[in-house]
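Have the sequence and the 3D view open as you read.

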Amino acid sequence: MVLRNAYMELELEDVVVFAEARRKGLYAEIYMGDVGYIYERGSWHAYDGEGRPKSITPQEAERLRRLSRKLATLPRYHVLEQLIKALSAVEAEARA
């Protein structure tokens, strides 16, 4: 685990988190199993194992919110606070 005020790396079981607090806001990549999630410019995007965009299911949204509760137990750093806030606000995407 690498945790600095503006950057963090964390590997926990099948979850890998990279996050960076930039001037334009938070940039984060989270990998859970074969699905990747990217947070950039205030919104979440999900990608399957082959890099194709996919929608976030309600189960995946709940899993990301649970991750925010786990991360809340770590020492407070600026990047971590922004990531927890972004994770707790993730919502499932409506399918068209």
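Q: Which residues of helix α2 are buried, and where do they lie on the helix?
A: This is a predicted model. Helix α2 spans residues 78-88, and its buried residues are Val 79, Leu 80, Leu 83, Ile 84, Ala 86 and Leu 87. Residues three or four places apart on an α-helix point the same way, because a turn takes 3.6 residues. Down the axis of α2, the buried residues stay within an arc of 165 degrees, so they line one face of the helix.

Q: What covers the buried residues of α2?
A: The cover includes one helix, α1 (58-71). It also includes the strands β2 (7-12), β3 (15-22), β4 (25-32), β5 (35-40) and β6 (43-47).

Q: Which strands are the edge strands of the sheet?
A: Seven strands form an open, antiparallel sheet, in the order β1-β2-β3-β4-β5-β6-β7. An edge strand pairs on one side only. That leaves β1 (2-3) and β7 (53-54).

Q: In β3, which residue is the bridge partner of Leu 12?
A: β2 and β3 pair in the antiparallel sense, over six bridges. The partner of Leu 12 in β3 is Val 15.

Q: Which element gives the largest share of the lining of the largest pocket?
A: The largest pocket has a volume of about 150 Å³. Its lining includes Leu 12, Val 15, Arg 63 and Lys 70. By class, the lining has five charged, four nonpolar and no polar residues. The largest share, four residues, comes from α1.

Technical notes: Residues are numbered from 1 along each chain as its sequence is written. This is a predicted model: local features need pLDDT of at least 70, side-chain atom pairs count only at pLDDT 80 or more; totals for chains, interfaces and linings use all residues. Side-chain values use heavy atoms; hydrogens and water are left out. Buried means under 20% relative accessible area, exposed over 50%, partly exposed in between (1.4 Å probe, protein chains only). Helices (H or I, at least four residues) and strands (E, at least two) are DSSP runs, numbered from the N terminus. The arc is that of the directions from the helix axis to the C-beta atoms. Contact means heavy atoms within 4.5 Å. On a 1 Å grid over the protein atoms alone, a cavity is a set of points where a 1.4 Å probe fits but cannot get out, and a pocket is an open set with protein on both sides within 12 Å along at least five of seven lines; lining residues have an atom within 4 Å of a point. Grid points are joined across faces, edges and corners, and a volume is the space filled by probe spheres set on the points. Ala, Val, Leu, Ile, Met, Phe, Trp, Tyr, Cys and Pro count as nonpolar, Asp, Glu, Lys and Arg as charged, and the others, Gly among them, as polar. Two strands pair if DSSP finds at least two bridges between them.
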